[in-house]
Amino acid sequence: MAQGNGTEVTEFCLLGFGNQGKFQCVLFVVFLVVYIASVAGNAGMILLIKADPRLQTPMYFFLQHLALVDICYTSAITPKMLQNFVVENKSISFGGCVVQLLVYATFATSDCYLLATMAVDRYVAICKPLHYPVIMSRTVCIQLVAGSYLMGSLNASVHTGFTFALSFCKSNTINHFFCDVPPILALSCSSVDINIMLLVVFVGFNLTFTVLVVTLSYIYIMAAIFKMSSTAGRKKTLSTCASHLTAVTIFYGTLSYMYLQPHSDHAEENMKVASVFYGIVIPMLNPLIYSLRNKEVKEAVKAAGEKFF
């Protein structure tokens, strides 16, 4: 990776949150607690679904993979961020930066498609209940999950490949707490027109397609609910969607704000705040959302608690 002066970029420096000063220790403790809670909560969700026979359904199969994806993409960025709170040298090797972006982008994109897949699952369960076991067979579920990972890998590979094919001669200081595409592009002395086009096309397609799938699924779901004559039936059906709808709203709202906000003087700092919420806080919230608002999960947790304690 040649620079304009003929030297080679071997590492980048992560600026993080700028002048943290006396708040470094506080931020370290807060983010460490959030990260531990996130990993423990999602790992617990995976083990709970594997252990409880009542949770061996397509919805929980998808939820299991959602928990795995959350662990992977928050683990791609949080440990390095925590390290940089307590060390003077905030550098990351060129190869480390490549791997971080590749892993983060793969699983963050897979998250989008898994949430869309879960919306389709709820649509089939509510609108076509008699055909649900056939439509959402084990083979179909595996194919949908594999497709989510494939789309994540494709998206990440394209962005990572084109981003690190650039020449960097302005600086090696990334104005972020992890290696993400926009702040890396800002360091390039090459033309980034193709990179920006790819970012708009891929992020735009991933967001538009998955949001469209979720929206259409819930339009049909709401239509089916309004046709129900029983109030109790409506409430029960809505309760099965409440957790997923909450997770979708938080996830896509934050993602849209991160990548589709107009340029402003505070855009970079806003991006950092949104990235913290999206990459660190949301993975912690998902297990809480699905456990506190899901009767089957709460019963499984209770049964597990009685078994071990």
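**A guided reading of the cavities and helices**

Guide: The second largest cavity has a volume of about 90 Å³. A cavity is a set of points, on a 1 Å grid over the protein atoms alone, where a 1.4 Å probe fits but cannot get out; grid points are joined across faces, edges and corners, and the volume is the space filled by probe spheres set on the points. The model is predicted, local features need pLDDT of at least 70, side-chain atom pairs count only at pLDDT 80 or more, and totals for chains, interfaces and linings use all residues. Residues are numbered from 1 along each chain as its sequence is written, and side-chain values use heavy atoms, with hydrogens and water left out.

Visitor: Which residues line the second largest cavity?

Guide: Rolling a probe the size of a water molecule over the atoms shows where empty space is left. Lining residues have an atom within 4 Å of a point. Here they include Met-59, Tyr-60, Met-118, Arg-122, His-244 and Asn-294. Helix H2 (58–86), helix H3 (94–127) and helix H8 (231–260) each give two or more residues to this lining. Helices are DSSP runs of H or I with at least four residues, strands are runs of E with at least two, and both are numbered from the N terminus.

Visitor: What is known of Cys-241, and is this residue buried or exposed?

Guide: Cys-241 lies in helix H8 and is buried, with a relative accessible area of 4%. Buried means under 20% relative accessible area, exposed over 50% and partly exposed in between, with a 1.4 Å probe and protein chains only. Beyond residues up to four places away in sequence, Cys-241 touches Arg-122, Ile-126, Tyr-218 and Ile-221, where contact means heavy atoms within 4.5 Å. Met-118 is 123 residues from Cys-241 in sequence, and their C-alpha atoms are 9.7 Å apart.

Visitor: Which residues touch the most other members of the largest nonpolar core?

Guide: In soluble globular proteins, nonpolar side chains tend to be buried together. A nonpolar core is a set of buried Ala, Val, Leu, Ile, Met, Phe, Trp, Tyr and Cys residues joined through side-chain atoms within 4.5 Å. In the largest one, of 82 residues, they are Phe-12, Phe-251 and Tyr-252. Among the contacts of Phe-251, outside four places in sequence, are Tyr-73, Leu-115 and Ile-282.

Visitor: How many helices and strands are there?

Guide: The protein has ten helices and three strands. Of its 309 residues, 46% count as buried.

Terms used:
On a 1 Å grid over the protein atoms alone, a cavity is a set of points where a 1.4 Å probe fits but cannot get out, and a pocket is an open set with protein on both sides within 12 Å along at least five of seven lines; lining residues have an atom within 4 Å of a point.
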